[in-house]
Number of protein chains: 2
Amino acid sequence: MRRWNGWGDDAQDFPLKAKGLEFLGEKLGGKGTILPDASLADVTIKVPPSRLPAHPLVSQDVELRIRHARGESFPDWVAKHSGEFGYFPDGVALPKTGEQVREVLTWAYDHGFTVIIYGGGTSVAGHINVPASDKPVLTLSLEKMDQLLDLNTQSNVATFGAGTPGPRVESQLKEQGYVLGHFPQSWELSTVGGWVASRSSGQQSLRYGRIEQMFAGCTMETPRGQLVIKDIPASSAGPDLREVVMGSEGRIGAITEVKVRVTPLPEHESFHVGFVPDWESGLKMVRELAQGKVQLSLMRLSNADETESHLSLGGDHPLFKAYDRFLSFKKCRNGDRCMFTFGVTGSKRQARFALAEAKLAIDHAGGTYIASSFMGGIWEHSRFRSPYFRNGLWEHGYSVDTFETCINWDKVNACMNAMEQAIKDASDGQPVQVFSHLSHMYGQGCSIYTTYIFKNSDNYAALLTRWQKYKQAAGDAIAQAGGTASHQHGIGRDHAPWLNVEKGAEGMALLHSIVNHFDPKQQLNPGCLLIDES
Amino acid sequence: MRRWNGWGDDAQDFPLKAKGLEFLGEKLGGKGTILPDASLADVTIKVPPSRLPAHPLVSQDVELRIRHARGESFPDWVAKHSGEFGYFPDGVALPKTGEQVREVLTWAYDHGFTVIIYGGGTSVAGHINVPASDKPVLTLSLEKMDQLLDLNTQSNVATFGAGTPGPRVESQLKEQGYVLGHFPQSWELSTVGGWVASRSSGQQSLRYGRIEQMFAGCTMETPRGQLVIKDIPASSAGPDLREVVMGSEGRIGAITEVKVRVTPLPEHESFHVGFVPDWESGLKMVRELAQGKVQLSLMRLSNADETESHLSLGGDHPLFKAYDRFLSFKKCRNGDRCMFTFGVTGSKRQARFALAEAKLAIDHAGGTYIASSFMGGIWEHSRFRSPYFRNGLWEHGYSVDTFETCINWDKVNACMNAMEQAIKDASDGQPVQVFSHLSHMYGQGCSIYTTYIFKNSDNYAALLTRWQKYKQAAGDAIAQAGGTASHQHGIGRDHAPWLNVEKGAEGMALLHSIVNHFDPKQQLNPGCLLIDES
């Protein structure tokens with residue numbers, strides 16, 4: 001069953017191994033600080049009576065309201081573990097059809113209720129959090145709409161209920177020989193409608209594209225009526241309205257059906273690892289691979305700190321020691337060496353050609369390709385398990401969070417350094433382990449993804465304050481460097497303070513105007529994406 | 001010098017050869033009907049006095065007003081040759097900087113004038129035509145803003161003045177070792193700002209993408225103020241505002257600077273031709289090449305009628321006869337065979353690999369690859385010369401027009417047949433030569449481009465009426481089949497009647513709302529993109 005206060009299914013975990021614990025102890029000044037966890041019963045008694053009138057499609061079940069109150073951001077984690085949720089939805093609607101979505105949305109809108117549209121509840125930016133509100137708050141969850149509704153096998157377009165989560169997307173497609181290929185780290189729980197609404201990107205965007213390239217059309221219920229976007233391969237017929245739906249974050253309506261571009265299952269797919277002796281040679285290598293349009297399906301370049309951290313946190317296996325010696329011999333020494341993870345996907349001929357191109361590039365960068373499938377296999381095995389690691393760290397009294405951006409190649413170094421430095425500076429001398437990788441390589445630039453791990457503060461209030469300082473520093477550093485407020489996680493409530501830096505005054509005015517067109521009374525997810533409505 | 005009443009530079013032409021004339025005579029029931037051409041002097045005397053007050057940035061020169069009154073649609077052609085222009089702009093502004101654009105736009109807006117924003121004047125859908133208006137009409141041309149302003153050689157982003165035409169885009173980039181790769185047939189005259197405003201696509205979109213993939217950011221002057229879109233490689237920060245600018249067709253403001261994604265000049269580029277025995281095998285082949293992500297830079301599949309027409313209209317060369325015998329021997333017989341034109345572009349290794357893949361596909365389709373570079377060379381040589389062919393046909397009393405759409409693979413056959421049949425049916429028994437090709441192949445579908453040639457009517461009024469019947473029939477057929485109102489030419493005024501079929505009621509309401517946000521007084525290009533404003 002899905003954990004009510006942590007990531008994923010409770011039959012799965014990603015415990016911290018002895019070597020990892022030792023590594024963190026060294027880096028973070030000793031043992032972690034274990035904080036007391038609230039129980040579900042503790043939270044249950046805090047849930048106030050619902051302010052909603054009865055409706056056949058709306059449940060007022062208390063546990064359901066708890067389970068839909070928060071996402072997966074760091075403040076959400078703190079809320080769930082401290083038991084201090086703040087606000088709860090007054091009810092949760094679980095419609096099964098587009099008609100039911102329209103019915104419940106119309107009912108709520110006409111009654112003046114606040115409506116929060118909910119997919120998989122995996123937001124790390126506060127998208128589905130319940131705001132303080134005089135009005136009753138209804139959370140409208142699409143999770144019962146999880147079917148493949150149609151598959152056009154000539155045009156390779158699949159239609160899904162918007163609440164279909166990643167594994168159900170792929171299992172239903174696989175039966176018919178197809179793949180969507182959208183693999184965000186949240187894939188186990190996030191939904192196709194959520195990917196569209198938050199404009200997300202998956203690990204193999206290099207082959208399959210961001211959700212932007214996959215999203216072909218939709219049906220959306222808005223307070224004004226139904227917005228239908230037809231699935232046309234490409235068009236010059238005026239502004240592209242898909243691009244208003246994508247990133248709308250529940251502000252203009254509820255997506256009920258999504259049409260996505262799929263591809264036949266590839267003949268071949270494999271993941272590989274190489275090492276380059278230092279950051280600069282790795283950076284140049286991945287930039288040239290991206291700009292040279294080499295058909296890899298995934299590229300990820302870990303900086304030296306991430307390389308060391310990953311090998312230490314993940315690596316009890318005896319092969320790691322052998323690799324360490326081998327790499328040192330090959331001039332890829334610990335402290336400078338950077339790990340390059342990549343995938344090849346496609347026809348056998350394409351995959352062979354792309355693999356050869358990648359090996360040439362590694363060689364050209366003075367690096368070493370790891371011929372065994374062991375390291376690539378580790379990545380593949382753990383590709384969706386990283387979120388579980390927060391549970392594993394927490395048990396030992398450590399916290400972890402991540403943040404990300406996307407920026408032009410010429411600013412990557414300055415931005416990554418500023419992001420890491422911002423966390424260190426915000427730490428007030430307390431140790432923090434910070435590391436980064438580049439992924440989602442484009443011709444113009446790439447994303448930068450930074451992770452930081454720190455020992456818990458002595459109490460929840462102090463922990464949250466500390467995180468807020470980190471978040472502010474990170475957001476400011478990115479904005480100042482010229483990166484986007486988010487490459488793949490959306491704006492939600494947590495990134496909203498920086499959106500105006502990216503969009504400018506006229507861009508913000510346009511966004512307000514679009515939201516206002518659909519939701520003049522500002523009842524849909526107020527405070528998400530755009531702040532200060534009035 | 002640029003022709004005032006026909007395509008392109010008057011030093012260039014594309015005359016109809018003897019064999020082509022004979023072919024058309026056979027197909028279209030004999031010799032053409034030559035209509036009398038108006039002279040520039042004839043038109044000059046029809047230009048009314050300007051209704052604009054004087055402004056230092058605005059010219060009221062009569063020839064300039066004539067030259068900016070019309071684009072390159074069929075009705076525009078008729079207007080220029082009959083001398084019946086209808087309306088002329090009251091003045092033409094030729095600003096040289098963004099500040100001057102803002103100055104003249106503010107002046108015109110504040111005075112209540114109608115403003116038409118003008119790039120290269122190559123619209124084939126009436127984008128820049130002067131509407132009937134009680135108010136003075138100012139055409140604001142960006143043509144003096146034609147410089148490469150910045151080139152970021154790490155991030156491969158180039159900044160251009162919005163009025164830079166295709167050849168100047170590429171010549172300025174080539175000096176520094178880069179290429180944009182946007183090659184619409186109008187490339188000689190169309191501008192980078194116009195490509196963005198009309199959401200265009202070029203011949204090598206398979207490699208370089210549509211303008212949508214190239215367009216990284218811009219500066220735009222709107223009646224509300226300046227809209228600046230930053231060049232970020234990818235972002236999940238809310239709706240993508242580039243997608244509102246693209247396809248805005250002069251309705252929300254004037255783009256002054258455009259940032260585009262460029263690539264280093266390829267090591268290798270070549271164009272090739274093959275033939276397949278029939279349409280169905282060709283259709284399957286191009287679909288599988290596109291869905292298999294084979295890295296070709298261009299694909300074009302001519303149907304049997306286009307194949308025959310092209311070889312007859314273009315082919316006086318003795319090699320053509322030899323090919324004809326060779327192809328018949330190879331079971332690619334005249335009447336059924338379809339020509340497949342393709343390009344390979346990239347590193348030498350990539351081009352070699354892609355060429356091998358394409359040859360395999362042709363072989364698999366039962367077709368024949370033409371090993372000589374002769375046929376591919378013909379395509380390359382004439383890739384921008386087709387628009388000149390209208391001049392060549394006209395001299396012999398024939399008219400030509402084209403129309404296009406984009407549709408899912410499973411509907412391609414039905415749509416193409418409906419498009420061709422619509423023209424034949426609208427012809428009332430008069431002969432018309434209709435043929436089509438597929439190009440711009442996507443995983444989901446492709447564009448269909450149909451050409452029709454017919455003998456001129458006895459007078460201009462009858463010719464225009466006949467064309468209007470064709471246009472109506474073509475637009476209806478596309479809309480009914482489920483294709484887009486335009487894949488690459490935009491909506492303008494000529495396609496506006498069908499936009500609502502594509503966008504739906506709520507989509508249209510959103511477009512009106514966006515236009516209204518920027519231009520509440522509807523002074524910018526009224527009637528373009530959206531009809532019935534009030």
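With a relative accessibility of 26%, B:Lys293 counts as partly exposed. Keep in mind that this is a predicted model. Chain A and chain B bury about 6600 Å² between them, and the contact takes 81 residues from each of chain A and chain B.

**Where the chains meet**

- Carbon and sulfur atoms account for 53% of the roughly 6600 Å² buried between chain A and chain B.
- Four salt bridges turn up across the interface of chain A and chain B.
- In one salt bridge, B:Arg349 pairs with A:Glu357, and their closest N and O atoms are 2.5 Å apart.
- Polar contacts between chain A and chain B come to 53 residue pairs, with both residues at pLDDT 80 or more.
- On chain A, the elements giving two or more residues to the side that touches chain B include strand 9 (225-229), helix 11 (279-291), helix 14 (348-364) and strand 18 (445-455).
- Helix 19 of chain A gives the most to that side, with 13 residues.
- By residue type, the side of chain A that touches chain B splits into 29 nonpolar, 33 polar and 19 charged residues.

**What UniProt says about chain A**

- An unreviewed UniProt entry lists residues 85-265 of chain A as "domain: FAD-binding PCMH-type".
- That span, residues 85-265 of chain A, is 23% helix and 27% strand, and its end C-alpha atoms lie 43 Å apart.
- The feature "binding site", also from an unreviewed UniProt entry, sits at A:Glu249, A:Gly250, A:Arg251, A:Ile252, A:Gly253, A:Ala254 and A:Ile255.

- A:Glu249 is in the loop between helix 10 and strand 10 (254-261) of chain A.
- A:Glu249 counts as buried because its relative accessible area is 4%, under the 20% cut-off.
- The side chains of A:Glu249 and A:His127 are joined by a polar contact of 2.9 Å.
- Setting aside neighbours within four places in sequence, A:Glu249 is in contact with B:Ser236 on the partner chain, and its contacts on chain A include A:Ala197, A:Ser198, A:Gly490, A:Asn525 and A:Cys528.
- A:Ala254 is part of strand 10 of chain A, and at 0% relative accessibility A:Ala254 is buried.
- Not counting residues up to four places away in sequence, A:Ala254 touches A:Val101, A:Ile117, A:Thr219, A:Met220 and A:Glu221.

- You'll find A:Asn156 in the loop between strand 5 (148-152) and strand 6 (157-161) of chain A.
- A:Asn156 is buried, at 3% relative accessibility.
- B:Lys293 is no glycine either, yet its phi is positive, at about 55 degrees.
- B:Lys293 lies in the loop between helix 11 (279-291) and strand 13 (298-302) of chain B.
- The 26% relative accessibility of B:Lys293 makes this residue partly exposed, because that label covers values between the 20% and 50% cut-offs.

Conventions:
Residues numbered from 1 in each chain as written. Chains lettered and ligands numbered in written order. Predicted model: local features only at pLDDT ≥ 70, side-chain atom pairs only at ≥ 80, totals over all residues. Heavy atoms only, no water. Helix = DSSP H or I, 4+ residues; strand = E, 2+ residues; numbered from the N terminus. Buried < 20%, exposed > 50% of the residue type's maximum accessible area, 1.4 Å probe, protein only. UniProt positions renumbered as here; feature names shortened; annotations may be inferred. Contact = heavy atoms within 4.5 Å. Buried area = accessible area lost by both parts, 1.4 Å probe. Salt bridge = Lys/Arg side-chain N within 4 Å of Asp/Glu carboxyl O. Polar contact = N/O pair within 3.5 Å; in protein donor to acceptor, adjacent residues only side chain to side chain. Nonpolar A, V, L, I, M, F, W, Y, C, P; charged D, E, K, R; others polar.
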